[in-house]
Amino acid sequence: MVKENNQEMNEKNTVEKVTLVTEALEIIKGFADGFATTFKHLFRKPFTEEYPEYKRPLPERARARIILTRDPDGGERCVACYLCSSVCPVSCISMQSAELKDGRRYAAWFRINFGRCIYCGLCEEACPTSAIQLTPDFEMCRREILSLVYEKKDLLVDHGGKDKEYNFYQYAGVVTDVGDKGSHIQEEKPVNIKSNMP
Ligand code: SF4
Ligand code: SF4
């Protein structure tokens, strides 16, 4: 019995030693990797970008100045649904909704305070119509803080931005110039909510 207990203790000690050695080796490897990276950069030729003479081309998905885009027919994409302003973590978007005679909603006014915007991109993610989009244009620094409050006329552009082909009303089921409800691309026929039939 005593012999068996001693054997168990020995096995336990061996496992603990192996674990300790493995952990120690991992820590040493971590340090070695860090120092190797530092040394690699110590002997590398410095590379300086002379901004603003040289402006590094940024990817299309870079997150800076915000625009309000138009659909391929030239109409305003924004339907003033307030999703972007609801999701904005710093509450820097505000607007007033209005309605056209054909039932289409639009923003009577739309305002973004870029003095507060943190360029997180959540408004773009939330927008169902692809109206609000962030662009790579980051050069909007101003001394006058109030000049960073952009109105709709400053935000609205005459193109579709990153998503040129998307037309929300072709999917949304509203009667439009391009067809009745249920006749648009990928649009199901309207559901009769008073019927029990599937
Ligand atoms: S990028 Fe972020 S902080 Fe800026 S307006 Fe959109 S949601 Fe708000
Ligand atoms: S920009 Fe998009 S999310 Fe914001 S109100 Fe307009 S349609 Fe809605």
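Predicted model: local features only at pLDDT ≥ 70, side-chain atom pairs only at ≥ 80, totals over all residues.
Rings of Phe, Tyr and Trp (its six-membered ring) pair if their centres lie within 6.5 Å; planes under 30 degrees apart count as stacked, over 60 as edge-to-face and the rest as tilted. Residues are numbered from 1 along each chain as its sequence is written, and side-chain values use heavy atoms, without hydrogens and water.

The protein chain has a mean pLDDT of 89, with 93% of its residues at 70 or more.

By the ring rule there are three aromatic pairs. Two of them are listed here.

| Pair | Centre distance | Plane angle | Class |
|---|---|---|---|
| Phe114 and Tyr119 | 6.2 Å | 15° | stacked |
| Phe114 and Tyr150 | 4.8 Å | 80° | edge-to-face |

Phe114, Tyr119 and Tyr150 form one aromatic cluster. Phe114 counts as buried because its relative accessibility is 4% (buried means under 20% relative accessible area, exposed over 50%, partly exposed in between; 1.4 Å probe, protein chains only). Tyr150 is buried as well, whereas Tyr119, at 22%, is partly exposed.

Strands (E, at least two residues) are DSSP runs, as are helices (H or I, at least four), numbered from the N terminus; two strands pair if DSSP finds at least two bridges between them. Strand β2 (residues 93–99) runs antiparallel to strand β3 (residues 105–113), joined by seven bridges, and Ser97 stands opposite Ala107 in β3. β3 also pairs in the antiparallel sense with strand β5 (residues 149–150), over two bridges. There, Asn113 stands opposite Val149 in β5.

Technical notes:
Chains lettered and ligands numbered in written order. pLDDT = per-residue confidence, 0-100.
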